[in-house]
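Happy to walk through this one with you. Let's take the strands and then a helix, one question at a time.

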Amino acid sequence: MLKTLLCIPPKYGTDYPPLGTPALSGYLKSRGIEVKQVDWNIEYHSFLNSETNPQGNSSPYSHLLPDKPKWELPYNDNIYSSFGFTEKLLSSPLLFRFINDAEWNPFHRFILEKKVIHEVIGSEAGILGLSIISPSQVIFSFTLGYLLKQSGSGIHIVIGGQWVSLYRKEILKRKDFGEFFDSAI
């Protein structure tokens, strides 16, 4: 039976962690499935506080950025995981460029510096589940999915959660969905 790795992706609030991932983990364990949980959201908050993010009009993505200052964004978010940026980027031809941009995509930097790909591959999981509750978690999930696919790991990548349910019709319209994930539930 395949091992399963369940992930809470960044960038979500830390005061009230989502309960779907631990509930699913408990259910799978009760059925004899080997499962491990990882909370990259907590790790990312520490990472984000320790680095300086390039921001502002010099960004090649500035036309997609929110007009509000950082402290007015949900979860006191950084600008590259804001709801508005996520929605604009997903429908933009710049999506793949941003995902691969280690200078401007803070999630790409986090994944590389924290060796997240190595952690996933080292877990020997056959399935990686990404629980996307909020639009602020989408860019990380797309970035990780894409980089894992590029690594040739062969891990089956599944996205699920509230955001996936709400945007299922739009997700199905993406012809390039397989570049990021294998399935959605």
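Q: Which residue in S5 does Ile159 stand opposite?
A: A quick caution to begin with: this is a predicted model. S4 and S5 (residues 183-184) run parallel and are joined by two bridges. Within that pairing, the residue that Ile159 stands opposite is Ala184.

Q: Which residue stands opposite Ile159 in the pairing of S3 and S4?
A: S3 and S4 are parallel partners, with five bridges between them. Here the residue that stands opposite Ile159 is Leu130.

Q: How many of the five residues of S4 are buried?
A: Strand S4 spans residues 156-160 and is mostly covered. Buried here means under 20% relative accessible area. The number of S4 residues that qualify is four.

Q: Why do the buried residues of H1 lie on the same side of the helix?
A: In H1 (residues 20-30), the buried residues are Thr21, Ser25 and Leu28. They share one side of H1 because the arc they cover around the axis is only 70°.

Q: Which strands are included in what covers the buried residues of H1?
A: The face turned away from the buried side carries exposed Ala23 and Ser30. Over the buried residues, the cover includes S1 (4-8), S2 (35-39) and S3 (127-131).

Definitions and conventions:
Residues numbered from 1 in each chain as written. Predicted model: local features only at pLDDT ≥ 70, side-chain atom pairs only at ≥ 80, totals over all residues. Heavy atoms only, no water. Buried < 20%, exposed > 50% of the residue type's maximum accessible area, 1.4 Å probe, protein only. Arc of directions from axis to C-beta. Contact = heavy atoms within 4.5 Å. Pairing = 2+ DSSP bridges.
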